[in-house]
Protein chains: 2
Amino acid sequence: MAQAPIDKAARLIDVAERANVSRATAARVLGGYGLVTEVTRQRVMAAANELNYRVNELARSMRSGRTLTIGVVVADIANSFFNSAIRAIIETASRAGYQILVLNTDDDIERERNAVRVLIEKRVDGLIVVPSSPDEIDHLLVESEPEVPVVLLDRDVNSSKIDFVTTDDFEAAHTAILQFASVGHNRIGLLVATANVETHSSTMPAQVVTTVRNRVCGAEMALTECGLEIRSEWIRYSQSNMDIAREAAINILSQETRPTAILATNEEMALAVVSAAGDLGLTIGVDLSIIGFDDVPWARVFNPPLSVIRRPVAQLGAMAVEFLLKKIEDPTVRRSQKLPAELVARRSVGPPP
Amino acid sequence: MAQAPIDKAARLIDVAERANVSRATAARVLGGYGLVTEVTRQRVMAAANELNYRVNELARSMRSGRTLTIGVVVADIANSFFNSAIRAIIETASRAGYQILVLNTDDDIERERNAVRVLIEKRVDGLIVVPSSPDEIDHLLVESEPEVPVVLLDRDVNSSKIDFVTTDDFEAAHTAILQFASVGHNRIGLLVATANVETHSSTMPAQVVTTVRNRVCGAEMALTECGLEIRSEWIRYSQSNMDIAREAAINILSQETRPTAILATNEEMALAVVSAAGDLGLTIGVDLSIIGFDDVPWARVFNPPLSVIRRPVAQLGAMAVEFLLKKIEDPTVRRSQKLPAELVARRSVGPPP
DNA sequence: CTGAAAGCGCTTACAG
DNA sequence: CTGAAAGCGCTTACAG
C-alpha cells in the first residue's frame, strides 16, 4: 500500500519509531553492521519497507567521512578516447560501490582548477584527472590543495609526486614510424592534436601535454634512427577540430615535395588526413599512407581499413580507478603504470608511390 | 605561506575564531548572503585564505536541502549520441552551478532502478533519465519513488506523467524513406538498433523503446504512402553491436531479391551496413543506398560521404537540463519537447541499380 | 550588523 | 544484543 505522496520522505527515526527500536538499532539493521537479533532485524526491515525508507547518504557521508564518490576531471567527454575511458571508470567504480562526478575542462587550466575545487568541496573520496598542463599542477599537489588522493589519467606531469596511468606514447609513435620506414617511406609527416594552440602551427607550443610531447619525441627518434629527415614543413600541431586539422593536413600535403606517409595522433587528425587526401585526389594506401591513433569503430570499416595505434583504453580507465581505490584505503600507497599500445596493421599503409 | 599538510582541513569555526567573529557571521561572508560590514568581510576572507578554507558542501547541502547535483542515468555513455548529449548536459548544468553524477545502465532495467535509487539516496536535486523500457517506470513516478523532479532524455514512456525531451523520430524515419523513394527505390530495408534482443531478429521485440518504435512506424508509414512493400525479410532488429549488426546486414543483403536501400538507425548500424556492403562487393550509392542516424564525424569523410538524419543532440541535452532546473525551482512545472531532426543529404543515396 | 542556539539525518563510541 | 548521547559542519530563524 503506497503512502500518499504528500508525506515527507521517511527518516531513520521514523523507521525506528515504527519498529519500536532506537535509532542506533535501526541504523545497525539498515546499514548492515553491528549485531541485532533476527526478530528485530525483520521488524526494522518491515518498517523501512512500509515507509519506503531511503537512507540519506548526505548525512551518512557527513558522519562517516566518506562519500563513495569519485571526481573525474577530463578534457573532453565527447572525445572517443575519453568517453571509452569514462565508461570503464564508471563500470569499475560502480562495482566497488562508488559513483562518478564528471566535469569537463576543454583543456582550460582555469576550468581545471575550478573543477578540482568544486569536487573537493563536494568531498569526493578521490580524484581522477586528465591534466591540461604538465607544469601548472599546484591544485593537484597535496601541499596546496587536495587532501584527497589523485590519479592522473592518460597524461603525466612534471612532478613525481602524483600517480598516473598512461600509455607508452613514445614507443607507440616510434613503432608507427618504423612501420612506415619498413615499407620504404622516407618522407614522413606528423599531424599532432594539441590543446593550447589557436589554429595550427609547425612549431611545438610551449607547455605541451606529455602525451603530445612523447609521441613527437618517439616519432623523431625513429626518424633519426632510420636516417630520415625531420622536416618542419611536414609537421603540424593542430587544435583537435576537424576543419582546422584538415586545413593543416592540406597544408602539409601541398608542399612541392610532400610526405608519402602521415602519422595522425587522434581520431580527428586521422579523419582530417583522410578528408584532405580525398580533396587532393590522393588514394590512401597508394598515394598516401596513414596511421592513426585509437582504434575507433569506423577505422576497420573505412576503405581502405585504417591502420591504427590501439591504446588499452578500457584498461587505462579501470586501472586508474583501482589505483585510486587503493590510495583511498591507504593514502601512503604510491602506484603508477605506463601501459603498452599496439599497432593494428590494416591497409592504409602501403609502399610509397 | 602554506600550512603544513598535516593540519586537518579548516572548518567554518576555525575561520570564525581566527577572524574573531561568530560562525554565523563567517558563514554569511563565505556564503555570500545576509549583511556584513566591509571590515568584517575582509577579516573573514583573510582568515579563510590563510587557512585555505574550503566549504564542506555536504554539510551545506544537509542544512540547505540542495546538493547542486543532477543525476544522469544513461544507456551507454560511450555511444556517440549519448556522449554528445552528456557533454551538453555537463556544460549547461555547470553554467548554472550544478554538477553531474553519471550512471550507466546498458539498457538493463534492474541497473536503471538501482541507479535511480542510488541517486535519490545521494539526494540529487533532479534526474535526467534515458529510460530503458517504456512500461517499467514505477521507479520514475513520484507516487512510488522519486521525490525529485525527472526529465526523460531521447526516449518517451507510456505515461503522460513524466516530462521528456525527444526527437521526432517518426518524422525523421518517414523523411528518410521518402528520400529513398524519391530517387526510385522500391525495395527498402531497415536495420534497427534495439536493446532487448539477444542477437538479431526480424520481428519487433516486445517493450521496445519509443525511439525504436517511432522510427519503425515512421518508416512503415512512408512505405505505405508510397505504395511500397514492407517485407519482413528486409527488416532486422539488432543489438547495438557492430559484429552482430553486420551479420544482420549480410542477412538482409543475401536474399534472392535484396533491398536496394537501407535505413540504419544508429552509428553502429550504419557502420555495419557499410561493412556488409564491402564484404558483398556492393558499391555504396550505386549498388546500395544508405541513410544513417546521427551525424557522426566520420560520416562526411567516408567515401562516398554518408547521408544521415541529424538529431539536435546538443540542444536535446541542454534543454533537458533547462527543463529540469525549472522543475527544481517549481516542482509543479510541466514541460516536454519533441525536436525536429534534419536529413543531411550526401552521396550514399543514388538511384537504384 | 552580529551572535547564541537549534537542527539537517545519520553513525559512533560508550554503557548497560 | 540494545539504547542514550554526542557530534559531523554547516545554515536558519530568532534576538538583540
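User: Taking a disulfide as a pair of cysteine sulfur atoms within 2.5 Å, how many disulfides does the structure hold over all chains?

Analyst: This is a predicted model, and the two cysteines to consider here are Cys217(B) and Cys226(B). The sulfur of Cys217(B) finds its closest cysteine sulfur in Cys226(B), 16 Å away, which is too far for a bond, and the sulfur of Cys226(B) likewise has its closest cysteine sulfur in Cys217(B), again at 16 Å and too far for a bond. Over all chains, the number of disulfides is therefore 0.

User: Is Cys226(B) buried, partly exposed or exposed?

Analyst: A residue counts as buried under 20% relative accessible area and as exposed over 50%, with partly exposed in between. The relative accessibility of Cys226(B) is 32%, and Cys217(B) has a relative accessible area of 32% as well. Cys217(B) is accordingly partly exposed, and the class of Cys226(B) is also partly exposed.

User: How are α1(A) and α2(A) oriented to each other?

Analyst: Helix α1 of chain A covers residues 12-19 and helix α2 of chain A covers residues 23-31, and their axes come within 8 Å of each other. The axes cross at roughly 105°, and angles of 65 to 115 degrees belong to one class of orientation. The two helices, α1(A) and α2(A), are therefore roughly perpendicular.

User: What is the radius of gyration of chain A, and what would a compact globule of 353 residues have?

Analyst: Along its principal axes, the C-alpha atoms of chain A fill a box of roughly 90 × 45 × 30 Å. A compact globule of 353 residues would have a radius of gyration near 20 Å, whereas the value for chain A is 26 Å.

User: What share of the residues in chain A is buried?

Analyst: Chain A contains 11 helices and 13 strands. Among its contacts between residues at least 6 apart in sequence, 70% join residues at least 24 apart. Of the 353 residues in chain A, the buried share is 56%.

User: Asn52(A) and Asp294(B) have positive phi without being glycine; is Asp294(B) buried or exposed?

Analyst: Asn52(A), with phi near 50°, sits in the loop between α3 (38-50) and α4 (57-64) of chain A and counts as partly exposed at 32% relative accessibility. Asp294(B), with phi of about 85°, is located in the loop between β10 and β11 of chain B. Because its relative accessibility is 9%, Asp294(B) counts as buried.

Key
Residues numbered from 1 in each chain as written. Chains lettered and ligands numbered in written order. Predicted model: local features only at pLDDT ≥ 70, side-chain atom pairs only at ≥ 80, totals over all residues. Heavy atoms only, no water. Axes fitted to C-alpha atoms, helices over the stretch in contact; angles between N-to-C directions. Helix = DSSP H or I, 4+ residues; strand = E, 2+ residues; numbered from the N terminus. Parallel < 35°, antiparallel > 145°, perpendicular 65-115°, else oblique. Disulfide = S-S within 2.5 Å. Buried < 20%, exposed > 50% of the residue type's maximum accessible area, 1.4 Å probe, protein only. Rg over C-alpha atoms; globule rule 2.2 N^0.38 Å. Contact = heavy atoms within 4.5 Å.
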